[in-house]
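Let's take a walk through this structure, starting with its open spaces and ending with a pair of helices. Have the model open and follow along.

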Amino acid sequence: MPPADRRPLISGNWKMHHNHLEAIQVVQKLSYRLTSEDYEAVDVSVHPAFTALRSIQLLIDDQRIPIALGAQNCHWDPKGAMTGEISVPMLAKLDVVYVIVGHSERRELFGETDEEVRRKIESVIAGGMTPIVCVGETLEERESGATDAKITGQVEAALTGLPGEQVAELVVAYEPIWAIGTGRTATPDDAQTTIAMIRQVVARICGDEVADRVRIQYGGSVKAANIAELMAQPDIDGALVGGASLDPDEFARIVQYRLDG
């Protein structure tokens, strides 16, 4: 299990699913299934589509639901002629707490570079929010033995030069690309090995104290059936959950992983 000072964070990334009405229903149902004991043990965030952010913000505020609101992406500029983009100040006005940055789908499908990811990280931090910085390798890279080199490069590009206090407060999410939406999951030992390596890279960049504090999630076909075993690993501090977070019953069971331990 992670140390007590690295509080687990379970995040639901809904991607391009759920309109704002569906999103309201999901969060309401999720809140009915979670208890005060759950919130005391685990931080929970949901990351709906941009069109649902305002609706979920109002719901969380009105019903005092202790779930953090998250966004799936952002642009690094505060404003400008960027048709279709969403800025960090816009998200901050909606009480967004976490922003996913550099998700593999953004990198692989939309050509997002390490440099762009870094600019987004800096913008999110400057906006008073917490970036969830995604890193991960393709199946080809894994099979060729390039996992460590690929992820080390991504972590270095994301974090080098940032103040240690900022790094300690952000979240890193290891998502092997070959496991996202495929039903394939890295074994707990495999996930632990790579996440421990990420923590070592953070230690080399920022020092052991920062590395001990930073939270590192695992993502990639996380389900209620495998979350407890993943969370039992010493360096895994939470999960970035995709498809399983769309179902409030399944997502609640993931948040409550400790009850099956």
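Keep in mind that this is a predicted model. Start with the largest pocket, which has a volume of about 460 Å³. It's lined by 17 residues, and if you head for its centre, the closest ones you'll meet are Lys-15, Met-16, Gln-72, Arg-106 and Phe-110. Which helix gives the largest share of the lining? That's H5, residues 104-110, with 4 residues.

Now move on to the second largest pocket, at about 270 Å³. Here 20 residues make up the lining, and nearest the centre sit Gly-181, Ser-221, Gly-242, Gly-243 and Ala-244. Sorted by class, the lining of the second largest pocket comes to 11 polar, 6 nonpolar and 3 charged residues.

On to the helices. Two packed helices are described by the angle between their axes and the distance between the axes. Take H1 (residues 20-33) and H13 (residues 248-255): their axes come within 9 Å and cross at roughly 40°. Angles under 35 degrees would count as roughly parallel, so H1 and H13 are oblique to each other. Their crossing is right-handed.

So who's touching whom? From H1, the contact is made by Val-26, Lys-29, Leu-30 and Arg-33, and H13 brings in Pro-248, Asp-249, Phe-251 and Ala-252. Split by class, the residues of this H1 and H13 contact are 5 nonpolar and 3 charged, with no polar ones.

Technical notes
Residues are numbered from 1 along each chain as its sequence is written. This is a predicted model: local features need pLDDT of at least 70, side-chain atom pairs count only at pLDDT 80 or more; totals for chains, interfaces and linings use all residues. Side-chain values use heavy atoms; hydrogens and water are left out. On a 1 Å grid over the protein atoms alone, a cavity is a set of points where a 1.4 Å probe fits but cannot get out, and a pocket is an open set with protein on both sides within 12 Å along at least five of seven lines; lining residues have an atom within 4 Å of a point. Grid points are joined across faces, edges and corners, and a volume is the space filled by probe spheres set on the points. Helices (H or I, at least four residues) and strands (E, at least two) are DSSP runs, numbered from the N terminus. Ala, Val, Leu, Ile, Met, Phe, Trp, Tyr, Cys and Pro count as nonpolar, Asp, Glu, Lys and Arg as charged, and the others, Gly among them, as polar. Axes are lines fitted to C-alpha atoms, for helices over the stretch in contact, and angles run from 0 to 180 degrees between N-to-C directions. Angles under 35 degrees count as roughly parallel, over 145 as roughly antiparallel, 65 to 115 as roughly perpendicular and the rest as oblique. A crossing is left-handed if the near helix is turned anticlockwise from the far one by less than a right angle, and right-handed if clockwise. Contact means heavy atoms within 4.5 Å.
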